Amino acid sequence: AFKRKKQQRGPPSPPVSSSETAKQALKIHDLHCCSRPSLAGPRELSYNYLDIVFSPYDDYWKELRRMCVQELFSAKRVHLIQPIKDEEVKKLIDTVKESASQGSPVNLSEKFLALNVSVICKAAFGLSFQGTVLNNDSFDKLIREAFLFLGSFSASDFFPNGGWIIDRLTGLQGRREKSVRDLDAFYEQMFDLHKHENKDGVEDFVDLLLRLEKGETNVLLGAISTSAITMTWAMAELMRNPRAMKKVQSEIRNQMGNKSVITLDDIEQLHYLKMVIKETWRLHTPAPLLVPREVMSEFEINGYMIQPKTLLYVNAWAIGRDPETWKDPEMFLPERFMDNNIDAKGQNFELLPFGSGRRICPGMYMGTTMVEFGLANMLFQFDWKLPEGMKVEDMDMEESPGLTVGMKNDLLLVPVKY
Ligand code: HEM
């Protein structure tokens with residue numbers, strides 16, 4: 001919704017939850033985008049984190065974005081890190097095989113997060129967490145907390161002048177500051193480890209980032225949780241929809257024939273898998289309100305004048321479930337993407353998992369390939385069952401609160417080796 005500036009008079013603001021309104025808002029907004037005021041507070045604490053995700057759209061950020069898109073997240077770079085993905089997915093398959101041989105459940109929420117942590121951190125820092133102080137458990141906690149506290153609504157968003165007092169009293173401000181401090185400490189450690197790592201002259205993300213005036217590594221936060229969240233929701237929806245599960249597994253297994261290692265070329269042929277992922281994004285878009293924007297000069301939308309300082313939230317979650325756009329919006333039906341060209345790249349405003357406009361996710365290609373590759377392997381190598389005594393109706397599809405929205409409770413499934 002549009003949040004109107006304090007003391008402003010006039011008609012109520014229009015809800016931005018239809019794809020048409022979002023299209024207008026995001027297009028106009030491109031000229032005026034900025035940041036979220038409540039997060040400007042702890043900014044001095046974090047030269048790493050808040051600057052990058054929520055900074056005004058200044059020249060520095062433009063340069064960083066340009067570099068991200070051209071160098072870090074380009075198709076070329078995504079192909080360069082494919083060996084890292086191969087290795088980490090193989091490790092994941094091996095641990096899941098162990099559970100399969102014992103018939104015990106696997107915590108897929110954890111496994112997918114760990115997979116993404118390992119791939120992104122190896123790609124970014126040229127090293128693995130395993131055996132360091134930054135093991136997956138503490139990183140998992142750090143990420144979850146960061147998204148919970150930084151994404152939660154705060155009084156200072158609604159009352160820019162005095163809201164911070166409420167945030168102090170409720171403890172939200174303190175928890176946010178702690179979260180930001182922990183992230184800074186984490187990045188410090190990563191930079192230290194990076195300095196001491198022998199990387200055989202291969203340039204990684206941090207080398208590239210260090211070429212800028214200061215190191216920005218927060219891209220990692222966005223990268224890691226969103227891909228893992230998508231993979232977990234996709235598996236949960238497939239478990240609830242055995243027909244779609246069977247169809248996607250047949251597609252992958254037919255494509256693979258006698259081969260055992262999935263390549264990027266194989267992935268390109270998996271059209272139904274791509275539809276399954278789009279349908280997952282439609283129902284469970286990982287960042288439901290996108291990155292909040294602040295309007296910097298007046299503009300009109302649907303006959304409403306939107307004032308400077310207005311905070312703009314685009315409800316991509318509601319757009320994905322809008323009955324005006326989608327038939328049977330609550331149903332998981334990957335086939336709905338068969339007869340149309342709707343993609344998730346920010347041009348079709350019915351489906352905005354990566355946002356749109358100038359702040360569109362620069363890691364879109366990397367995120368998509370990570371999700372496709374991870375899921376294809378898990379679905380190719382294993383069949384999946386619910387834990388003993390559990391029925392499909394018992395599956396808990398509740399969402400967790402925060403900037404990104406995953407499953408509230410971890411997804412546990414029993415693998416059966418194919
Ligand atoms: C399935 C995977 C992913 C999803 C669904 C996703 C989604 C999003 C969304 C919705 C936004 C906000 C866009 C807007 O408000 O218009 C965003 C921003 C961002 N994403 Fe992603 N993302 C994913 C993966 C990644 C990856 C792999 C990276 C980096 C390697 C990344 C880096 C970023 C960055 C740096 C921003 C901030 C852009 C800005 O503020 O200008 N994301 N992402």
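Predicted model: local features only at pLDDT ≥ 70, side-chain atom pairs only at ≥ 80, totals over all residues.
## Helix H13

Residues are numbered from 1 along each chain as its sequence is written.

H13 covers residues 242-256, 15 residues in total, and reaches 21 Å from its first C-alpha to its last, close to the expected 21 Å at 1.5 Å a residue. The expected span is 1.5 Å times one less than the number of residues. Gly257 follows H13 and has a positive phi, near 55°.

## Chain overview

The protein chain has 17 helices and 8 strands. Helices (H or I, at least four residues) and strands (E, at least two) are DSSP runs, numbered from the N terminus. Of the 418 residues of the chain, 41% count as buried. Among contacts between residues at least 6 apart in sequence, 76% join residues at least 24 apart; a contact requires the C-beta atoms of two residues, placed from the backbone, to lie within 7 Å.

## The three-stranded sheet

An open sheet of 3 strands has the order E2-E8-E7, with antiparallel pairing. Strand E2 (106-107) and strand E7 (382-385) stand at the edges, each with a single partner strand, so one side of each is left without a neighbour in the sheet. Two strands pair if DSSP finds at least two bridges between them. E7 and strand E8 (residues 412-417) run antiparallel and are joined by 4 bridges.

Phe382 and Trp384 form the covered face of E7, while Asp383 and Lys385 form the uncovered one. In E8, Phe382 has Lys417 opposite, and Trp384 has Pro415 as its bridge partner. Helix H5 (residues 82-102) lies across E2, E7 and E8 and runs at about 85° to E8. Axes here are lines fitted to C-alpha atoms, for helices over the stretch in contact, and angles run from 0 to 180 degrees between N-to-C directions.

## The loop between H16 and H17

Asp328 is in the loop between helix H16 (316-320) and helix H17 (364-381). Its phi is near 40°, a positive value in a residue other than glycine. Asp328 counts as exposed because it has 9 C-beta neighbours inside 10 Å.

Cys361 also has its place in the loop between H16 and H17. Cys361 is buried, with 27 other C-beta atoms within 10 Å. Not counting residues up to four places away in sequence, Cys361 touches Phe354, Gly355 and Gly367. An unreviewed UniProt entry places the feature "binding site" at Cys361; UniProt positions are given in the numbering used here, feature names are shortened, and annotations may be inferred rather than shown by experiment.

## Gln173 in helix H10

Gln173 lies in helix H10 (residues 172-196). With 22 C-beta neighbours inside 10 Å, Gln173 counts as buried. Ser156 is 17 residues from Gln173 along the chain, and their C-alpha atoms are separated by 9.8 Å.

Methods:
Buried ≥ 20, exposed ≤ 12 C-beta atoms within 10 Å, placed from the backbone.
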